[in-house]
Each structure stands twice: as C-alpha cells, then as structure tokens.
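Work through the following exercises with the sequence and the structure open beside you. Each one sets a task and then gives a solution in steps.

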Amino acid sequence: MKELWQLFSVFCRIGAFTFGGGYAMLPLLQKEVAEKRDWATEDEILDYFAIGQCTPGIIFVNTATFVGYKRKGVWGAIFATAGSVFPSLIIIMIIAAVLNNFAQLPVVQHAFGAIRVVVGVLILNAVWGMWRKSVVNKICGVVAVAAFLLSAVLAVSPIWIVLGAGVLGLLSPMIKGGRAR
Amino acid sequence: MSSWLILFYEFFKIGLFSIGGGLATLPFLYKLADKYEWFQSGMIADMIAVSESTPGPLGVNMATYTGFQFGGVLGSIVATVGLVFPSVVIIILISRFLEKFRSNSHVEDVFYLLRPAVTGLIGGAGFSVLLMALFHVSTLSDISMGNFLEQIGIKECILFVLMLFLTNKFKKHPVVYITAAAVVGIIFAF
C-alpha cells in the first residue's frame, strides 16, 4: 500500500511541475524515477518514451502506466496513472470555472485574440519539427499532405486517416518502393 | 445512450486513436466541436494556450476542460478517465511482451506511414487555428473571395510573421510568447 501511494505522489509531483508535456517531462522523470528511486533505469525510461510515442494516448501518462505496472502490477499502473493526471484535473477545473466567468470581458477577448495567433505559430513549428523527423522520403510526404488535405479540406474523420495510414504502412513492404527492410 | 456515456465514449475514442502525443488529440477535438455543443471550435486554440501555460499534458487538460463544460467536476473526471482508459489497458498488455513489441517489423511498418499521417493531421489542426486567428472564420468555405481583404486581420498577420520569426530565432518556452501575445493583444485591442 505504501508503494502504491508513493507511485501516486511521485507522478503527481512530476505532473504538477512540467509545462507543455511530452519531452519536457523527460529530465524530471529521469531524476525522480531513475536517480532518486531506482524504479526504472534511464534506458528503460527512454524506451517507455519511444513506445509511448507510437502507442495511443499521452506519452507522460503512458510512462506512468509502464513504471506503475513494473513496480506493482495492475494496481500500480492505476495509481501511477491517476497521479499523473491529478494535477491537471485540479488546475484545469479551476481555470475552466474562472474562464467561464471572465471569457466575455473585452480585455480577455483581446488577449486571446492575439494568443490564438501565437498558438497557430507554435503548432506550425511543431509540425515542421515532426515533418523533418517523420517524412523520410516521397511516399511519406504524399501521405502527410494527403492526411492534411483530407482532414483540413474534406473534413474526413481523423480515425479513418489514422487507420488508413496504419494499414497502408503494414502493406508497404509488398509495394514496390515501400519501406526498406 | 445517456449523455454521460457519450462523453466517456467520445474521449475513449480520442484516447484510442490519438497517437504521438498531446497535439495529436487536436484533429479529434475539432471533430468533437462540430458534432456536439460542448464547446466551440474557437475555444480549442484558447485551451491550447492555457495548456501550454499550465502544468500537465494537453490531452488531459482538454478532456478535463471539455468535461467541466459538459457537467462540472464529475464531467471532468468522466472525460479524463475515458481518455486514459484505452492507453492504460494497451500499455499493460505491451508491458508483458515489451521486447517482442519493440522489434516487431509489422509494428515498424505500421508506424512508417502512420507518423507522416499524424504530422499531416496536426498540420490540419494548425490550419484551423490559423483560419480562426487570422480570418475569424472556422472553415475554409466561410472565406469568400469578394470580401477576402475585409476578412483578413492585418494586426493578426503582422503578429503572425513576427512570432514566426521570434519563436525560431529564440527558442524560449511557449509560455513566454503566449504572455507576450496577451499583452500585445490587450494594448492593440485585437
């Protein structure tokens, strides 16, 4: 029981002190989980991140599930996962309650009018970074552009695009010019 | 189906199909805004800003926020549990045969084209954010060629170019640019 509580509180702490998610969590995870507690090695954490990147869900939450399961089985997984989402739950509930009351104020609307522009820029930068890593040849480029057009112009559900790309990838070794083994 | 079940089910689907981190939930959230009255698509960009400026992963923040709009504290919990439920199950299964999963060539094949598709999908979400931010419309068809010049926001476009330059020149934390934009927005009445 004591270690279940520790799993909850450690991931709660990491969740509360990292902004932006994803790789921003990596240094703190390594310190809290590998250096201070020996729950997992640094290499294992990198593996969890790599797998988290290519499985459904949120990388940090997935990492919490991995470590929790490794330490204490299914209950460990549940406690660590609950800890990882707990700070967001509390903070966003408070912000949602406040934002609903203040969203109509002109000063808030002006602020968010400009913030939206920056958010667009931040997403563009993220997409550019992902493009450089994921688009390794022309076929990948065609798939990326097709996914963009299908979702942005034709409003196709992302579920179909994800499934379609996965199936195409699975079949790619059979197609001429597919992924080199 | 009770509306609570629908809330759980919609975030369960997002949790199951959004692969590759927080931004990957964006295209699904835009679909959700189309389908239900839980929040407007314009709110998504605001929530990204809030998420980038507060601790915690974007996906969890969006689920909590949407759930709260839907039904207060309980709604937040239902949506968040729905979001993380599929990945908890999947990770527990993967944990049991970690080595095999990592080196399986079929898994590598799937991700070979899945990664660029997710890149394109997030690009689509970015496109929606910019349509709203620069043209104040939510879909491409809302822009008419006749009054194109009236719809485009000049102040917004200047800020866009400036921020594109600054974010790439100085790799500061997003919170820095979001705060700066809030100040600019208030001073110049965006």
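**Exercise 1. State which domains are assigned to chain A and how far apart their centres lie.**

Step 1: The assignment, whose bounds come from an automatic or database domain assignment, divides chain A into domain 1 (2-102) and domain 2 (106-174).
Step 2: Taken over C-alpha atoms, the centres of domain 1 of chain A and domain 2 of chain A are separated by 26 Å.
Step 3: Before going further, keep in mind that this is a predicted model, in which local features need pLDDT of at least 70 and side-chain atom pairs count only at pLDDT 80 or more, while totals for chains, interfaces and linings use all residues. Residues are numbered from 1 along each chain as its sequence is written, and chains are lettered from A and ligands numbered from 1 in the order in which they are written.

**Exercise 2. Describe the secondary structure of chain A and decide whether chain A is compact or spread out.**

Step 1: Chain A has seven helices and zero strands, where helices (H or I, at least four residues) and strands (E, at least two) are DSSP runs, numbered from the N terminus.
Step 2: Along the sequence this gives the pattern α-α-α-α-α-α-α.
Step 3: The radius of gyration, which is taken over C-alpha atoms, is 20 Å for chain A, well over the 16 Å from the globule rule for 181 residues, so chain A is more spread out than a compact globule. The globule rule itself is 2.2 Å times the number of residues to the power 0.38.
Step 4: Along the principal axes, the C-alpha atoms of chain A fill a box of roughly 55 × 55 × 25 Å.

**Exercise 3. Give the helix content, the box and the buried share of chain B.**

Step 1: Chain B has nine helices and zero strands.
Step 2: The C-alpha atoms of chain B fill a box of roughly 55 × 40 × 35 Å, again taken along the principal axes.
Step 3: Of the 190 residues of chain B, 51% count as buried; a residue is buried if 20 or more other C-beta atoms, placed from the backbone, lie within 10 Å of its own, exposed if 12 or fewer, and partly exposed in between.

**Exercise 4. Find which helix gives the largest share of the side of chain A that touches chain B.**

Step 1: The contact takes 82 residues from chain A and 89 residues from chain B, and two residues are in contact if their C-beta atoms, placed from the backbone, lie within 7 Å.
Step 2: The elements that give two or more residues to the chain A side include helix H1 (2-17), helix H3 (42-53) and helix H5 (106-134).
Step 3: The largest share, 22 residues, comes from H5 of chain A.

**Exercise 5. Explain why A:Ile95 counts as partly exposed.**

Step 1: A:Ile95 lies in helix H4 (residues 59-102) of chain A.
Step 2: A:Ile95 is partly exposed because 19 other C-beta atoms lie within 10 Å.
Step 3: Leaving aside neighbours within four places in sequence, A:Ile95 is in contact with B:Val50 and B:Thr54.
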